[in-house]
Amino acid sequence: MSSRAIVIGSGAGGSTAAMVLAEGGWDVLIVEKGRNYFGDLRSPTPATAFSNDELKSSASRYFEDPDVDLEPRSFRRTASEANRVVGNVNHLPSTVGGGTTHWDAKTPRFWDIDFKKLSLLGPMPNASVTDWPFSYGEIAPFYDEIESLIGVQGDVNLLPTSPTRAHAPRTKQLPMPPGAPQYSSVRLAGGAQTLGLHPFPVPMAITSQPYQGRPACNDCGFCSHYGCPIHARVGALAPLRRAVIAGAEVRPETFASRVVWSGRRATGVVLVDNTGASHTEPADLVVMAGSTIETIRLALLSRLPNPHDQIGRHLMFHWFTAGFGVYLTERIHAYRGRSTSHAVDDFADPEYPAAKLAAAAAGLPYVRGGVLELGGSQDPIAEASYYRFILSTALSGVKPFGTPLKQLMRASILRDRLAGIEMISEDMPQATNTVDLDPAVKDYRGVPVARITYAPHQHEIVSQTTFIPLLTALIKASGADVGFAIPEVSSDLYPVAAGDVPDGKHIMGGMRMGTDPATSVTDAIGRVHGLDNVVVSDGSVFPTSGSHNPTLTIMATALRNARQWVGLRTAAAHDVLAVTGRDDHGAVAAAAIAGSAAIALRRLKS
Amino acid sequence: MLSRRDFLKGVSLLPLARLVPLPAWERAAQAATETFAFFTAHQAAVVREATARIIPGPLDDPLEMGHPGAREANVTRFIDVLLSALDHHPEHIYAGGPYGTGAGQFVALSTQQRRAWETRIAALKKAYRDGVVVLDSIAGGDFSTASALDKDQFLLDDRAAGFLEILYTHAIEGTYSDPVYGGNTNRSGWTEIKFPGPSMPRGYTRAEVSASDGPDVIDPTGVVAQVLQVLGDQ
């Protein structure tokens, strides 16, 4: 009889774990609290309800996102203040496929220094910087495997030797060459080169040619924040497909409200269906993969072992800075293409001269910015909403609607003439940045919602102050007539920003991996300390945040860890041994042998 | 520094801006050809005239000759479709995929989504019923027959602030969203701003993605200059 695994969440991490377990002979049930917008998940191109539709995809319609009227979160900056916001706090899509249904699909790798941050760069004052339980060298083959699985375009020979390939060495070419360079990205890449930076076609999980039954991307332009109508861009759907082919069941509109456990073992999960009815589904292995914030919420709702008060601590968002280049003599047409096609890595390097100077001046051991995504823009409803904001707040003596709005829409300075930059900066882990259960706010089911307490570290602000002028210089060097950069999220130093609540969708930490239970929640393979059969498979296990988009690393980490969970089925023998009164050293040894066998098998395959 | 209200008062002295309301016969013709699922004829008229102030077209502002706005996009229809969306099965909230639109195909709401939208749309219906009453009250009669300048003043009245928020959001959405949702008639909103709309299944060629479209110089006057100034000061 096969062992039963329940995977909670069908996004990048959950689908990857489900694939490994289902193909490893486990009976897998994947529960997803959102709905399913896809047809036959065994197909490389299932029917889909996603389309080129800005209104449907907008934040106010909750097509793939959780409906904030039903499932809000709360946000405050420090533990001593009241909630600033109850509503959308960095909500990720809640639907089969998770965040990858509408991700931007940029797939840079984390760097060697990200995995050994404490050893290689030393401690950061007032931050909980630590090492990952594995190195870049160990995870590199899993990166290779995920890049093949989801279909990444790019050319390793076009990645800069330094810093990119020096910090993330590669032994394999990517499965597909880069697609068409996007004009808006090329313009900004030109500006970057003028400044002596090293722009490159960024690897992304979007086809540039037919791939494993999926068509080549046709650069429709409705990319980031839109579901792909043709599956040229997938993410979770690739491993989910293999999981389903291997027999896994996907059960949408099913909310996991509690992991049932006693002693060292979970025995099941309380599931609530869309009528509100609940039951306990038995499980031999529980995989928590609801994405960082929801996984922490579930851990707290389940009162998982937490002897050192670590669950929910060291929450990280990337610290985003947005640059705007406006071109008055031509339209840049960023509405065609794959959101952006080029990136710059130089600012992610702590050895970048301006970063070193800033670190010395601020008395910090190092300063990092992050990867720059070059060339994004926005669509008309978002554009008009932005002008409305400007007309209503920033301009005096102008009617806040009417012909001024129409003139701005025709000129299109913030859409068709805009080439944007996002800098995705490293966010230091801090014990005081947390997710806990809001004592007052509940979802429509009556379940307490996640409360986020978060403020940036001094490092992030020093980094932002350092790189804002450089972003502006890059934009100006590209030939833009107007160039400026602003923080995406306000802080004490920058009260004026694009928003007041982090909304970058890169959410990590809180269930951090580590070898010391006093400073981590999960062990070196993502298993919750103190429990033998509860594991975590999403970004919450990240000990540090890196300076690059996290999803590829979520999937590679899930793949590495899940290969070792396949052997956990032998832990079922643990119970038998315990019942028969024998000591469990034999079972532990058996589990260790099975784990080693799984690792050996993986090495053989790769 | 002038306040917004002062500015409007100043504008009202200019003969150019002395706009007259639609002729009565034209309003009657519109009312006769349009039937709505939610709005009464009067509510529709108030919403039409209010949103036409927010995104004006040729009938609303002489500066907009040749430039369709909310009236031409039929934003009133868009709002009526939204407010009556749950009366249809499937509900008219989410258009289907993968190429979307025009076929009138919608995605049925899940149990959970239906619950949220029932609450949200009930609140919106109330906001529209009450908002029309408020605008009429501020106008001291029928808002829809007031002069253009008066309508602008009424919309900026503090008592209408909440309703203006909703009208503004829906004027934008109804003008620039896919026509399947009832607005953006004949893609007038997109054509006006040179936005091509959905590109699937054709997409774009490599040349269209990678090459410049050639020079297209902005008219850097008026509010455009002001906004560029504000942005450049960041």
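**View 1. A salt bridge between Arg120(B) and Asp67(A).** Arg120(B) and Asp67(A) form a salt bridge, with their closest N and O atoms 2.7 Å apart. Arg120(B) sits in helix α6 of chain B and Asp67(A) in the loop between α2 and β3 (73-76) of chain A, so the pair joins two chains. A salt bridge here is a side-chain nitrogen of Lys or Arg within 4 Å of a carboxyl oxygen of Asp or Glu. Helices (H or I, at least four residues) and strands (E, at least two) are DSSP runs, numbered from the N terminus. Over all chains, the search of the whole structure finds 56 salt bridges.

This is a predicted model: local features need pLDDT of at least 70, side-chain atom pairs count only at pLDDT 80 or more, and totals for chains, interfaces and linings use all residues. Residues are numbered from 1 along each chain as its sequence is written, chains are lettered from A and ligands numbered from 1 in the order in which they are written, and side-chain values use heavy atoms, leaving out hydrogens and water.

**View 2. The interface of chain A and chain B.** The contact (heavy atoms within 4.5 Å) takes 79 residues from chain A and 84 residues from chain B. The two chains bury about 7100 Å² between them, 60% of it on carbon and sulfur atoms. Buried area is the accessible area (1.4 Å probe) that two parts lose on being put together, summed over both. Arg61(A), Arg388(A) and Phe401(A) supply 11% of the area that chain A buries against chain B, more than any other three residues.

View 3. In one salt bridge, the side chains of Lys406(A) and Glu192(B) meet at 3.8 Å, N to O. On the side of chain A that touches chain B, the elements giving two or more residues are α2 (54-57), α11 (380-393), α12 (403-411) and β18 (482-487).

**View 4. Helices α3 and α7 of chain B.** The axes of α3 (residues 41-54) and α7 (residues 148-155) come within 10 Å and cross at roughly 90 degrees. That makes α3(B) roughly perpendicular (65 to 115 degrees) to α7(B). Axes are lines fitted to C-alpha atoms, for helices over the stretch in contact, and angles run from 0 to 180 degrees between N-to-C directions. Glu49(B), Ala50(B) and Arg53(B) of α3(B) touch Ala148(B), Lys151(B), Asp152(B) and Leu155(B) of α7(B).

View 5. His89(B) and Pro90(B) are joined by a cis peptide bond, with omega about 0 degrees. Pro90(B) lies in the loop between α5 (75-83) and α6 (111-139) of chain B. His314(A), in strand β11 (residues 313-317), has a positive phi of about 65 degrees although it is not a glycine.

Notes
Parallel < 35°, antiparallel > 145°, perpendicular 65-115°, else oblique.
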